Amino acid sequence: MRRVVQAVSPETEEPPLVIAVPPLFSPIPPAIHPRHAEINTLTAAWAEAFEIGSVDLRQRLVRHEIGVFAARVLPHGREEVVRILADFVMWLFGVDDGYCEEGILGQRPGDLAGTMHRLLRVAQNPEAPMLLDDPLAGGLRDLRSRVDEYGTDAQAARWVACLREYALSVVWEASHRRAGTVPSLSDYTLMRLYDGATTVIFPLLQMGHGYELPADEADAKAVRAAEEMASFVITWDNDLLSDHKERSGDGYYLNVLRVLEEDGFSPQEAMARAIAQRDRVLTEFMRLTEHLRAVGSPQMRQYTAGLRNFVRGSLDWGIQSIRYTTPDDPAELPTTVAETATDDSLEPLGIDAVSWWWNVIPPGRPLRLSPPLDLTGARH
């Protein structure tokens, strides 16, 4: 059910509510690429070279240390691919912040769809004589050439296909922004699996170590479930950590806390419920990836390790980046992680869009984690 979000006039608006985010559960060890500082510097230079976003937006994005994010997601990856990931995330923020959150296209879903489709054509066919003077298109052409250099044809094709999923979802979100509405929890969950652009990063996890999942594994439902569960945890964490920044803004915002509050939960109750949801999914994600590691190929062991690094790396970056700590108006974010889950139930969440995950998770068993896979000897 969609609910209209009532606007509040500046004269009557109360100060934004600050809700402390407690330490979030993570059984995954932290890691970071040894050249994270150099990668971060090079990504800032890339953003300047391709003029990603306005000057003001670019200056803000550079301060967010997006290169460190990539270094945490691919801590043992080939440096060239870690740089692709860092530059790509910089590009995504140029689209998400510049077009969707702060630009007029974020209120015009039809026009946004046209813009995104033209950019998708550039990603699919970089030689197409389109958007030749557009900085975001120029950056995308550069990214596609590097994806072709370090990835297989199938990985490049999947990267473009996942970028299309991202584009479709941000247009869906723009329709809510224009109408001032909040989607149901199931619709929001489905939208969030894609508009967080997590799926577009999955092919880079393989490129980063120079391998490719066998087709029968890449297309398996259990693998897709593991990927979606990783996306769920990453985007729920992002919603929790970005809530203060978004509440403090003067525009429309949408995150899982807003959705739960529209369903009648108080802000504190919404926080507790969202944390319980991500903890339950993370527990099951660990169980499922442990199963895949046991029955899958060596490439599957590498891929599940990559998914885990993505989940933990995103959390570690989120609690440290000034994008979310907002030092000028400090958010109450954790500085550590929790050792135990607030909810480790084996029961489905009760969210229709993702209830199928529990059909492919092995029956309940004690969670015994294998030692982290040593990827330092992978092909570079």
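Leaving aside its neighbours within four places in sequence, with which residues is V82 in contact?

## Surroundings of V82

In this predicted model, V82 belongs to helix α4. Beyond neighbours within four places in sequence, V82 is in contact with H33, I39, A70, A71, L74 and G77. The relative accessible area of V82 is 0%, so the residue is buried.

A separation in space can also be given for V82 and P129. These two residues are 47 residues apart in sequence, and their C-alpha atoms are 29 Å apart.

Helix α3 covers residues 66–73, and eight of its eight residues are buried, so the helix is largely enclosed by the rest of the structure. The buried residues are I66, G67, V68, F69, A70, A71, R72 and V73. Two of these, A70 and A71, are among the contacts of V82.

Which helices do the buried residues of α3 pack against? The partners are α1 (36–49), α2 (55–63), α4, α9 (198–207) and α14 (298–318).

## Helix pairs

Two packed helices are described by the angle between their axes and the distance between the axes. For helix α4 (residues 79–101) and helix α5 (residues 109–124), the axes come within 12 Å and cross at roughly 160°. An angle over 145° counts as roughly antiparallel, and α4 and α5 are therefore roughly antiparallel to each other. The crossing in which α4 passes α5 is right-handed. On the α4 side the contact involves W91, V95, Y99 and C100, which meet L112, T115, M116 and L119 of α5.

Helices α9 and α14 pack with their axes 10 Å apart, at an angle of about 135°. This angle makes α9 oblique to α14. Their crossing is right-handed. T198, I201, F202, L205 and Q206 of α9 make the contact with Y303, G306, L307 and F310 of α14. For α11 and α13, the axes come within 9 Å and cross at roughly 155°; these two helices are therefore roughly antiparallel to each other. Here α11 passes α13 in a left-handed crossing.

## Helix α8 and its cover

Helix α8 spans residues 185–195, and its buried residues are L185, Y188, T189, M191, R192, L193 and D195. Which helices are included in what covers these residues? The cover includes α7 (153–179), α9, α11, α12 (256–262), α13 (267–295) and α16. Just after α8, A197 takes a positive phi of about 60°.

## Aromatic pairs and charges over rings

How many aromatic pairs does a search of the whole structure find? The search finds twelve aromatic pairs. For F232 and W357, the ring centres are 5.9 Å apart and the planes stand at 90°, so the pair is edge-to-face. The pair links distant parts of the chain, since F232 is in helix α11 (residues 221–248) and W357 is in helix α16 (residues 357–360), 125 residues apart. Both F232 and W357 are buried.

One aromatic cluster is formed by F69, F93, F202, F310, W317 and Y324. F69 is also one of the buried residues of α3, while F202 and F310 take part in the contact between α9 and α14. The ring of F93 has the charged end of R323 over it, 3.9 Å from the ring centre. In another such arrangement, R258 lies over the face of Y253, at 4.5 Å from the ring centre.

## Positive phi values in loops

Most residues other than glycine have a negative phi. E65, a residue other than glycine, has a positive phi near 55°. E65 is placed in the loop between α2 and α3. Is E65 buried, exposed or partly exposed? The relative accessibility of E65 is 41%, so the residue counts as partly exposed.

L131 likewise has a positive phi, near 50°. Its place is in the loop between α5 and α6 (135–150). With 27% relative accessibility, L131 counts as partly exposed.

Key: Residues numbered from 1 in each chain as written. Predicted model: local features only at pLDDT ≥ 70, side-chain atom pairs only at ≥ 80, totals over all residues. Heavy atoms only, no water. Phe/Tyr/Trp six-rings, centres within 6.5 Å; stacked < 30°, edge-to-face > 60°. Helix = DSSP H or I, 4+ residues; strand = E, 2+ residues; numbered from the N terminus. Buried < 20%, exposed > 50% of the residue type's maximum accessible area, 1.4 Å probe, protein only. Lys NZ or Arg CZ within 6 Å of the ring centre and 35° of its normal. Axes fitted to C-alpha atoms, helices over the stretch in contact; angles between N-to-C directions. Parallel < 35°, antiparallel > 145°, perpendicular 65-115°, else oblique. Left-handed = near helix turned anticlockwise from the far one by under 90°. Contact = heavy atoms within 4.5 Å.
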